[in-house]
Amino acid sequence: MSAFSTTDILQSFPEYADTTPLDYLRETEYSYLDDHGQTYLDYTGSGLAAKSQYHAHNARLTDQVFGNPHSVSPTSENSTRLVEQARSHVLAYLNASPDTYTAIFTQNATGAARLVGEAYPFTRQKTFILTEDNHNSVNGIREFARARHARTVYVALQSPELRVNPAVLAEALGGHWWEWGFDKMGIAKGGRSARERGLFAYPAQSNFSGARHPLEWVTLAQQCGYDVLLDAAAYLPTNRLDLSDGNPQPDFVMVSWYKLFGYPTGLGCLIARRDALCRLSRPWFSGGSVLAAGVVHRHHTMAADEVGFEDGTLNFLSIPDVQVGLEWLERVDINMIATRVRCLTGWFLQRLLALQHRDGSPMAEVYGPTDLKRRGGTICFNLIDSQGKIIDERIVAHETAAASISLRTGCFCNPGGVENALGLNAHLLRRMRRRLRKVTTIEGYINVTGLPTGGAVRVSFGVASNAADVDRFFEFVTKTYRDRVTDTTRLPPRLGC
């Protein structure tokens, strides 16, 4: 059994006691977890919705009448009113002036990334720069850049914390670190400016390692002449992003609402500076996004501002739930959630690093920061069996699911993260590129590259997490994997990253 107990979290993190109101919410608004014996450890995959959010949705739909907003009828105007209220609340939540920013509703964060990628004015003279720990939804923008003959440059991660060397980043952006001057956080203090160099994209918090990158990189890149796309999907569930004057102001911000508060799904936002939006040129038009279009003369005029980027009919029955979710977070207090998540993350890391087989060998390997400096509540790792081999993540996925523990396994749509974590570098891949051209499956890729496994295990915390969740996880891991030799012969093939 574990050498730890629930009371240990207060010894290591006494501020955990300040978050006891969240225990009441666990018993009431999130009681479905304990009612069904579920241990939920996948908040980076999806947040959980409070019962109050579902009740608000039901009450709105049963008490009012809503119609397609592309009209002036009473039901249409009712829909439009609530949609615009939600749009305004999104900007207010981020302290974003409506004169500077607008909120474009999309299907998800991926839809927000695509809006930027397909409309960004890439040319041969421009560069798309991104860190290696971007989500595939951002990695995919490189195909739009490639189609327009722009260059794509990845800024490497450094093991073991999977962070970026700020000097390397500055040089990739076209500056030199000695011209800027950096503090220990990798924050630039000054420098020269340029114009129209391209697009820089990075996550405020990695969905793979939990590492947080400085928001000040936004200002650095803009001073170097780049537009900035900030992926805030993994960052916002436990942090407020302040877009007011005097703070870093990305040109574009990707948001996924269900990751913040679980419901509604199928909705995201592209938060865009109005001046940056004017630099985009959409490659097509659709119903809802045009002011006028003709068939005989084959002309069209795009609608102004956010309307020109919202294709078809908006999800007008669910968009008001974004405002409900934001109001819920405001009532709960995002700072209290952040404190609890930080305490649970630190306590989990302590216990994970202390896990040992009876011969004293470690039972886990962590990918990313092993302390709480500049990191969020996402922990990526692999378990190690008694022979020193990585326990295949598919075994962990199957066995934790059978124990009603929800976590994530795989590469989490973050191939750069897993490649760096498992030691797969560009030099090695260049030597293997001929063999890799013939690979058609993930298993074949793993065999050719010699990777020890195809991914990792990810645990993450959120609003309804508590110390008992951590206890249950470690009781299961200790009982199931201590001194065990694992076998992969009967595992099903991997389906994708």
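Leaving aside its neighbours within four places in sequence, with which residues is glutamate 393 in contact? In this predicted model, the contacts of glutamate 393 beyond that range are Asn382, Thr409, Gly410, Thr453, Gly454, Gly455, Ala456 and Arg494. Glutamate 393 belongs to helix α16, which covers residues 393–402, and, because buried means under 20% relative accessible area, its relative accessibility of 3% places glutamate 393 among buried residues.

The crossing in which α15 passes α20 is right-handed. On the α15 side, the residues that meet α20 are Leu344, Trp347, Phe348, Arg351 and Leu352, and their counterparts in α20 are Ala467, Val470, Asp471, Phe473 and Phe474. By class, the residues of this contact between α15 and α20 comprise 8 nonpolar and 2 charged, with no polar ones.

Helix α20 itself has 15 residues and reaches 21 Å from its first C-alpha to its last, close to the 21 Å expected at 1.5 Å a residue. Of the 15 residues of α20, 11 are buried, so the helix is largely enclosed by the rest of the structure. The buried residues of α20 include Ala467, Val470, Asp471, Phe473 and Phe474, each of which also takes part in the contact with α15; Asp469, Phe476, Val477, Thr478, Thr480 and Tyr481 are likewise buried.

In the second pair, helix α5 (residues 74–93) packs with helix α14 (residues 319–332) at an angle of about 35°, with an axis separation of 8 Å, and α5 passes α14 in a left-handed crossing. Leu82, Val83, Gln85, Ala86, His89, Val90 and Tyr93 in α5 are set against Ile319, Pro320, Val322, Gln323, Leu326, Glu327, Leu329 and Glu330 in α14. The residues of this contact of α5 with α14 divide into 10 nonpolar, 3 polar and 2 charged.

Leucine 10, in helix α1 (residues 8–12), is partly exposed at 40% relative accessibility. Although leucine 10 and tryptophan 347 are 337 residues apart in sequence, their C-alpha atoms are 9.6 Å apart in space; beyond four places in sequence, leucine 10 is in contact with Tyr16 and Ala17. Glutamine 38, in the loop between α3 (32–35) and β1 (39–40), is partly exposed with a relative accessible area of 29%, and its contacts outside the four-place range are Arg26, Leu33, Ser404, Ser406 and Arg472.

Most residues other than glycine have a negative phi, and most peptide bonds are trans. A cis peptide bond, with omega about 5°, joins serine 159 and proline 160, the latter located in the loop between β4 (151–155) and α9 (166–172). Another cis bond runs from tyrosine 263 to proline 264, with omega near 10°, and proline 264 lies in the loop between α12 (257–261) and β8 (268–273). Positive phi values occur at histidine 149, near 65°, and at phenylalanine 412, about 60°.

Key
Residues are numbered from 1 along each chain as its sequence is written. This is a predicted model: local features need pLDDT of at least 70, side-chain atom pairs count only at pLDDT 80 or more; totals for chains, interfaces and linings use all residues. Side-chain values use heavy atoms; hydrogens and water are left out. A crossing is left-handed if the near helix is turned anticlockwise from the far one by less than a right angle, and right-handed if clockwise. Helices (H or I, at least four residues) and strands (E, at least two) are DSSP runs, numbered from the N terminus. Contact means heavy atoms within 4.5 Å. Ala, Val, Leu, Ile, Met, Phe, Trp, Tyr, Cys and Pro count as nonpolar, Asp, Glu, Lys and Arg as charged, and the others, Gly among them, as polar. Buried means under 20% relative accessible area, exposed over 50%, partly exposed in between (1.4 Å probe, protein chains only). The expected span of a helix is 1.5 Å times one less than its number of residues. Axes are lines fitted to C-alpha atoms, for helices over the stretch in contact, and angles run from 0 to 180 degrees between N-to-C directions.
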